[in-house]
Amino acid sequence: MRLFRREEVGASVDLLVAGLGNPGREHAHDRHNVGWMVVDELARRHGGSFKGKFRGRLADVRVGEAKLALLKPETYLNESGASIQAASAFYKLPPGQGLVLHDDVDLGSLRLQAR
């Protein structure tokens with residue numbers, strides 16, 4: 001995966017990082033919410049605060065020279081694409097400038113996928 005600097009592609013962020021999870025207190029500590037947990041930790045470490053946008057929660061942070069948009073879609077996992085698509089369009093991101101974090105039931109681990 002080759003990431004382009006936002007200036008090269010006309011985007012307003014370098015990377016969209018979407019952490020997937022399921023809404024509701026009953027799912028708060030489920031393994032399916034590991035994507036949300038990772039995005040929460042990135043926001044905490046880099047001074048980001050979330051606001052409601054794109055059917056989810058969004059925070060903009062800087063990590064070194066890179067500007068990242070952190071997204072937590074507040075839809076169920078199988079409906080998260082609409083939130084990610086809306087954020088990608090807003091930031092004018094070309095394909096491949098997104099990273100999706102989610103659990104992998106078969107592997108029992110965190111999975112990163114370029115989108």
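Student: How many bridges join E3 to E4, and do they run parallel or antiparallel?

Tutor: This is a predicted model, and in it 8 bridges join E3 to E4, which run antiparallel. One of the pairs is Gly56 with Pro73 in E4.

Student: What do E3 and E4 form, and how many residues lie between them?

Tutor: The two strands form a hairpin, with 2 residues between them. Gly64, in that turn, has a positive phi of about 65 degrees.

Student: Which strand do 3 bridges join to E3?

Tutor: That is strand E2, residues 51–53, which runs antiparallel to E3, residues 56–63. Lys53 stands opposite Gly56 in E3. E2 and E3 also form a hairpin with 2 residues between them, and Phe54 in the turn has a positive phi of about 60 degrees.

Student: In which sense do E1 and E4 pair?

Tutor: They pair in the parallel sense, over 4 bridges. Leu15, for example, has Leu68 in E4 as its bridge partner.

Student: Why is E4 described as mostly covered?

Tutor: A residue is called buried when its relative accessible area is under 20%. In E4, 7 of its 8 residues are buried, hence the description. For the protein, buried residues make up 43% of the 115 residues.

Student: Which residues touch the most other members of the largest nonpolar core?

Tutor: They are Leu16, Leu58, Ala69, Leu71, Ile84, Tyr91 and Leu93, out of 14 residues in that core. The elements giving two or more residues to the core are strand E1 (15–19), strand E4 (66–73) and helix H3 (80–90). Apart from this core lies another, of 11 residues, including Leu15, Val39, Leu99 and Leu101.

Student: Which residues does Leu71 touch, leaving out those up to four places away in sequence?

Tutor: Among them are Leu16, Val17, Val39, Leu58, Ile84 and Ala87. A contact here takes heavy atoms within 4.5 Å.

Student: How do you know that the length of H2 agrees with what a helix should span?

Tutor: H2 covers residues 34–45, which is 12 residues. The expected span is 1.5 Å times one less than the number of residues, so H2 should span 16 Å. Its end C-alpha atoms are 17 Å apart, which agrees.

Student: Why are the buried residues of H2 said to line one face of the helix?

Tutor: The residues in question are Gly35, Trp36, Val39 and Ala43. Seen down the axis of H2, the buried residues fall within an arc of 95 degrees, so they line one face.

Student: Which exposed residues does the face of H2 turned away from its buried side carry?

Tutor: It carries Arg44 and Arg45. Exposed means a relative accessible area over 50%. After H2 comes Gly47, with a positive phi near 70 degrees.

Student: What pattern does the protein follow along the sequence?

Tutor: The pattern is α-β-α-β-β-β-α-β-β, made by 3 helices and 6 strands.

Notes:
Residues numbered from 1 in each chain as written. Predicted model: local features only at pLDDT ≥ 70, side-chain atom pairs only at ≥ 80, totals over all residues. Heavy atoms only, no water. Core = buried A, V, L, I, M, F, W, Y, C linked by side-chain atoms within 4.5 Å. Buried < 20%, exposed > 50% of the residue type's maximum accessible area, 1.4 Å probe, protein only. Pairing = 2+ DSSP bridges. Arc of directions from axis to C-beta.
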